[in-house]
Amino acid sequence: MSDFFERYDHIEFERQGRILTVRLNRPEAMNAANAALHTELSRLFADLDDDPDSDVIVLTGNGRAFSAGGDLDWMQDAIDEPERFHVTIREAKRILVGQLSMEKPIIARVNGHAMGLGASIVVSCDVAIAAETAKIGDPHVAVGLVAADGGALLWPQMVGYLRAREYLLTGDAIPATKAAEIGLLTDAVPAEDLDTRVYNLAERLAAGKTRAIRWTKIAINRPLVALASHHADAAFADEIRSNETKEHADAVRAFADNKRG
């Protein structure tokens, strides 16, 4: 394993030939991002691209979820100390642009729900295959935040503006089968078939013409990289503004109270 993978505490790595499986590893929190995991994600995709021993990445989550989005305690920290959120936003841009700019193909193995940041990571992958029991959604608005870390920029490109507006303005979760029908996921399969579907494709790509595959991916993603690079700052500025509102603070407090029971 390349030395830089030793720097990760909340992400696991497993090699199968030239295929590298990457697992978000906070299963007790449904792989929700806290400050530490978010920082790791901000350097992950550059490290994966630099890894000399892999050609295909499979990205998934440990436990029953892909990722539940953002950790509530982490959100509260950003409310209490808004400067922390500026760090989060700088990292968020590195995650978004870094993932879209990667040369190696990334397959999302969506083993369970992918929400918020988790959904943004899924739709930024090159192929996204989900278990039929999974759901995907971007509920930023439910906690009073702007959906700027990929939703507002990428979802309209995937499903069209009208559908994207409905889902992003309501924050509704979408069953995997429906998400596959509208183009937000590549495919939804029975949970017992997920590994077969994902790794058959990974093996096919790993056995393919590596340079042609990588450069084709770059050609496909070039408009998305340009979109993210040119417009992300304005969207993230809106999210910073929403972090400082009373409705966000009230929503996070209500979610935390409900979680405590």
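Predicted model: local features only at pLDDT ≥ 70, side-chain atom pairs only at ≥ 80, totals over all residues.
Student: Where is K104 found?
Tutor: In the loop between helix 3 (82-101) and strand 5 (106-110).

Student: Is K104 buried or exposed?
Tutor: Buried, and without a salt bridge. The nearest side chain of opposite charge is D51, 4.3 Å away.

Student: What does the side chain of K104 reach?
Tutor: The backbone oxygen of D51, at 2.5 Å.

Student: What does K217 form with D126?
Tutor: A salt bridge, with the closest N and O atoms 2.8 Å apart. The pair links distant parts of the chain, 91 residues apart. K217 sits in helix 9, while D126 is in the loop between helix 4 (117-123) and strand 7 (127-131). K217 is buried, at 6% relative accessible area. D126 is partly exposed, at 28%.

Student: How many salt bridges does the structure hold?
Tutor: 16.

Student: New topic: helix 10. Which residues are buried there?
Tutor: H248, A249, A251, V252 and A256. They cover an arc of only 165° around the axis, so they lie on the same side of helix 10. Their cover includes helix 2 (72-80) and helix 9 (210-243).

Student: And which are exposed on the other side?
Tutor: K246, E247 and N258. K246 has a salt bridge with D250 at 2.6 Å, N to O. Those two are 4 residues apart, about one turn of the helix.

Student: Which residue meets D250 in a salt bridge at 3.0 Å?
Tutor: R253. R253 is partly exposed, at 43% relative accessibility.

Technical notes: Residues numbered from 1 in each chain as written. Heavy atoms only, no water. Buried < 20%, exposed > 50% of the residue type's maximum accessible area, 1.4 Å probe, protein only. Lys, Arg positive; Asp, Glu negative; His and termini not counted. Salt bridge = Lys/Arg side-chain N within 4 Å of Asp/Glu carboxyl O. Polar contact = N/O pair within 3.5 Å; in protein donor to acceptor, adjacent residues only side chain to side chain. Arc of directions from axis to C-beta. Contact = heavy atoms within 4.5 Å.
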